[in-house]
Amino acid sequence: MRKLDILYLTDNNYATFAGVSITSLFMNNKHIDKITVYLIDDQISKENKERFQQLAQDFNQEIVFLDLTEGIRILEQMGIPKYRNSYTTYLKLFAFNLLPDNVKRIFFIDSDTIVVDDISEMIDLDMGNCIIGAVRDGITHPYKVALGYPENDSWFNMGVMLVDVEKWKKDNSQQKIIEQLKKRKGYVAVDQDLLNITQHGNIMTLHPKYNATPHHYVYKEKDFRKAFPQGGFYTDMEIMEEAQKHPVIRHFERFVGESAWNANSAHPFASLFDEYLVKSLWKDYEKVPANLTGVLKIENILYRILPHKVFLYIYARAFKRYLLNTNKKLESITNIASIS
């Protein structure tokens, strides 16, 4: 029997998007005999839980809810600041230790995704001695360097990742995260930063088709690399082009201040989200415009009126400044420990 364990994370505000993503997962992977989705439950409503269970029944698959109350208690006791008024994004870092012993590896997928193709490679993919497999990130170079991360080492986007659960537990990975939080409490991208820092040297590179993001879809690859020069990214432009032409998972990272589910969104994956929304049990979702103010509103307007190449140049300069300025503010909270 071909079996695959999946991990999702959502609170009730993101339950619709998680539901649409899991719908796409089940629809496009019917050839996998058994898919068990472990869903980290951060106050999901009874109504949404019932929809998730109905979704699993419709596809003869399984959804198991994980209670991460203990993870929240640890974070509160340590005085860790919330991220966007919630501890939700931290919770996947505490989920792996709660998984039953029969779960040897698990494929984590962010809720803001659509699974458009076969992910069965994750069942038997050779991870060597690595604990995590993930796609390299292409826009955070100045931030990783500011964190003390080696300039030419790869930094990874943890929105989609394959985790060897046995190695995770044996390596005491959760405790390493707790120790890192004692050194520094504030991060720009909480879970991604903590995983890159604590798992440095233990992360294998996945094909970028497993985490195809808007920036590489909208902009020409040569223009993107000029705007965001860096070490540790994919050196072969063809692999990035392949990922955009033949993606497996499209990741709806916020784009010019908007998400794919916002009304009148400029997000390049908006129509794809709509396609799967109407096929899901959440098709009654009513889209609303993004609440854009300040810099985000200006960014959105410029994207809509400027040639993409010109906008990319402006955006890259502004984003780098944002990363560094934000990091300086966070440095005032706690010290940075260099990565060796």
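**Close-up 1. Strands β6 and β8 pair side by side in a predicted model.** Strand β6 (residues 132-136) and β8 run parallel to one another and pair over 3 bridges; two strands count as paired if DSSP finds at least two bridges between them. Within this pairing, Ala-134 has Thr-205 of β8 as its bridge partner. Helices (H or I, at least four residues) and strands (E, at least two) are DSSP runs, numbered from the N terminus. Residues are numbered from 1 along each chain as its sequence is written, and side-chain values use heavy atoms, leaving out hydrogens and water. As this is a predicted model, local features need pLDDT of at least 70 and side-chain atom pairs count only at pLDDT 80 or more, while totals for chains, interfaces and linings use all residues.

**Close-up 2. The open sheet has 7 strands.** Follow the strands in the order β3-β2-β1-β4-β7-β6-β8, and you will find mixed pairing. The edges belong to β3 (62-67) and β8 (203-205), each with a single partner strand, so one side of each has no neighbour in the sheet. On average, neighbouring strands here are turned by 30° against each other, direction ignored.

**Close-up 3. Helix α1 lies across part of the sheet.** Here you can see α1 (residues 15-27) lying across β1 (3-11), β2 (34-42), β3 and β4 (105-109). Its direction is at about 165° to β1. Axes are lines fitted to C-alpha atoms, for helices over the stretch in contact, and angles run from 0 to 180 degrees between N-to-C directions.

**Close-up 4. Helices α14 and α15 pack together.** Helix α14 (residues 294-305) and helix α15 (residues 308-331) meet at an angle of about 155°, and their axes are 8 Å apart. That makes α14 roughly antiparallel to α15 (angles under 35 degrees count as roughly parallel, over 145 as roughly antiparallel, 65 to 115 as roughly perpendicular and the rest as oblique). Look for Glu-299, Leu-302 and Tyr-303 of α14, which meet His-308, Phe-311 and Tyr-315 of α15; contact means heavy atoms within 4.5 Å. By class, this contact of α14 with α15 has 4 nonpolar, 1 polar and 1 charged residues (Ala, Val, Leu, Ile, Met, Phe, Trp, Tyr, Cys and Pro count as nonpolar, Asp, Glu, Lys and Arg as charged, and the others, Gly among them, as polar).

**Close-up 5. Helices α3 and α8 pack together.** The angle between helix α3 (residues 69-78) and helix α8 (residues 173-183) is about 25°, with their axes 11 Å apart. That makes α3 roughly parallel to α8. Ile-74, Leu-75 and Met-78 in α3 meet Ile-178, Leu-181 and Lys-182 in α8. The contact of α3 with α8 has 5 nonpolar, no polar and 1 charged residues by class.
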